[in-house]
Amino acid sequence: MADIEKNTEKKTVSQTKVKFEVYGEEMIEKEVKSSGNSGRIYLPPNWVGHTVKIIKVE
């Protein structure tokens, strides 16, 4: 039971910067635009169906 309680505790988000090393084919730097209650980034149509990774840098 104690293990379940530990897993349900709120986790705090680290405010320190971390370094990511990612290998890929292309990179695009864009600003996230507001879209209703969330944000949106438009990517090229040839990226449709591919896996992308989004990293917040600031």
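How much space lies in the largest pocket? I looked this up and found about 1,100 Å³. Of the 24 residues lining this pocket, Glu-26, Met-27, Ile-28, Lys-53 and Ile-54 are the closest to its centre. I noted the terms: on a 1 Å grid over the protein atoms alone, a pocket is an open set of points where a 1.4 Å probe fits, with protein on both sides within 12 Å along at least five of seven lines, and lining residues have an atom within 4 Å of a point. The volume is the space filled by probe spheres set on the points, which are joined across faces, edges and corners.

I recorded that the model is predicted, with pLDDT of at least 70 needed for local features and 80 or more for side-chain atom pairs, while totals for chains, interfaces and linings use all residues. Residues are numbered from 1 along each chain as its sequence is written, and side-chain values use heavy atoms, without hydrogens and water.

Next I checked the elements. The chain has 1 helix and 2 strands, in the order α-β-β from the N terminus. Helices (DSSP H or I, at least four residues) and strands (E, at least two) are numbered from the N terminus.

Then I turned to Ile-28, which lies in the loop between α1 (2-8) and β1 (33-35). Ile-28 is partly exposed, with a relative accessible area of 33%. I used these cut-offs: buried is under 20%, exposed over 50%, partly exposed in between, with a 1.4 Å probe and protein chains only. Of the 58 residues of the chain, 3% count as buried.

Last, I looked at Glu-29, also in the loop between α1 and β1. Glu-29 is exposed, at 72% relative accessible area. Its C-alpha atom is separated by 10.0 Å from that of Val-57, 28 residues apart along the chain.
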